[in-house]
Amino acid sequence: MHDTGSHPECVARILRVNEMLHRSGWVERCKTPEWKLATREECLRNHSPDYLDKLQSWCKDDAGRIEVDTVVSAGSWQAASYGAGAVCDAVRRVVAGEDKTAFCAIRPPGHHAMPQSAMGFCLLNNVAISALTARSLGLDRVLIVDWDVHHGNGTQATFWEDPSVAFISIHRFPFYPGTGKEEETGAGKAIGTKVNLPVPASTTAKDFLAKLMQSTEKLASSFKPQLILLSAGFDAHRADPVGGLSLEAEDYESAGKWIRQLAQSTCEGKLVSILEGGYHLTHMPECVDAHLRGIYAGEQKDPSV
Ligand SMILES: [Zn+2]
């Protein structure tokens with residue numbers, strides 16, 4: 001167990017999500033694949049061997065705080081490896097066409113984790129590992145959409161010079177981690193494949209969603225992704241104790257419906273949604289429930305959770 005004690009990114013988050021998945025019938029309705037640990041090879045697609053060794057040894061030593069915001073316990077390596085394993089498995093299934101869509105209910109989150117270091121509650125960058133897994137399976141164009149309230153700086157760092165992975169992030173700004181300005185658009189051949197949408201704390205839900213939708217549709221229509229990966233954070237909810245903009249749970253239903261339609265119109269519906277932030281123990285599971293209602297609206301059977 002990734003036990004962080006009285007930290008906002010706590011064990012109760014995933015327990016509450018799990019309770020909701022049972023209570024709302026998602027577990028009955030969806031396939032639940034067997035959990036597998038990510039292999040070292042899969043983690044090495046995004047992280048340096050030196051960092052993986054250090055992380056494993058910190059966890060073995062039950063090291064506690066390893067970075068200003070990030071805590072590990074004896075079970076953290078296993079939890080992070082199961083999370084990364086789940087996203088790799090989801091990508092394999094969706095790319096193979098066994099499933100159209102998947103939602104990965106995992107913790108710790110990943111989008112701040114850098115190739116060579118932990119950061120901002122994140123140990124392994126799940127979405128980056130999953131994009132690189134898709135690339136290893138032969139996909140040439142993967143789009144990552146990040147609507148967590150924080151900028152996905154770790155994901156952006158991995159793909160900064162990589163034109164095969166487009167990345168769009170909408171996030172509160174100025175805010176943690178301080179990156180994600182509009183002028184950050186990638187480097188070299190990748191210029192223009194990174195899109196940052198910084199929004200002030202006063203942004204309404206309507207404006208947040210309109211900006212996200214318009215800019216992502218524009219990027220998707222020029223980039224033509226073969227797969228969409230979603231860094232699904234729910235900390236833009238109005239009551240979130242860490243982030244917080246003005247979104248309500250229902251807004252995540254609209255956003256879920258929209259991204260499913262976007263995947264259908266651009267990449268045969270291939271979509272993998274990965275849990276990132278969201279720290280309100282009652283509202284976050286409600287947001288996840290709404291998100292799944294949106295994604296699976298009209299779906300008869302067979303999504304994976
Ligand atoms: Zn966040």
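Which helix holds Ser221?

1. Ser221 is found in helix α8, which covers residues 205–223. Helices are DSSP runs of H or I with at least four residues, strands are runs of E with at least two, and both are numbered from the N terminus. Ser221 counts as partly exposed because its relative accessibility is 48%; buried means under 20%, exposed over 50%, and partly exposed in between, with a 1.4 Å probe and protein chains only.

2. The model is predicted: local features need pLDDT of at least 70, side-chain atom pairs count only at pLDDT 80 or more, and totals for chains, interfaces and linings use all residues. Residues are numbered from 1 along each chain as its sequence is written, and side-chain values use heavy atoms, leaving out hydrogens and water.

3. The protein chain has 10 helices and eight strands. Its radius of gyration is 17 Å, close to the 19 Å that the globule rule gives for 305 residues, so the chain is as compact as a globular protein of that length. The radius is taken over C-alpha atoms, and the rule is 2.2 Å times the number of residues to the power 0.38.

4. Of the 305 residues in the protein chain, 59% are buried. The largest nonpolar core has 49 residues, and Leu143, Trp147, Ile228, Phe234 and Val288 touch the most other members. Another core, of 23 residues, lies apart from it and includes Ala90 and Phe167. Such a core is a set of buried Ala, Val, Leu, Ile, Met, Phe, Trp, Tyr and Cys residues joined through side-chain atoms within 4.5 Å.

5. Ser221 and Ser265 are 44 residues apart along the chain, and their C-alpha atoms are separated by 9.6 Å.
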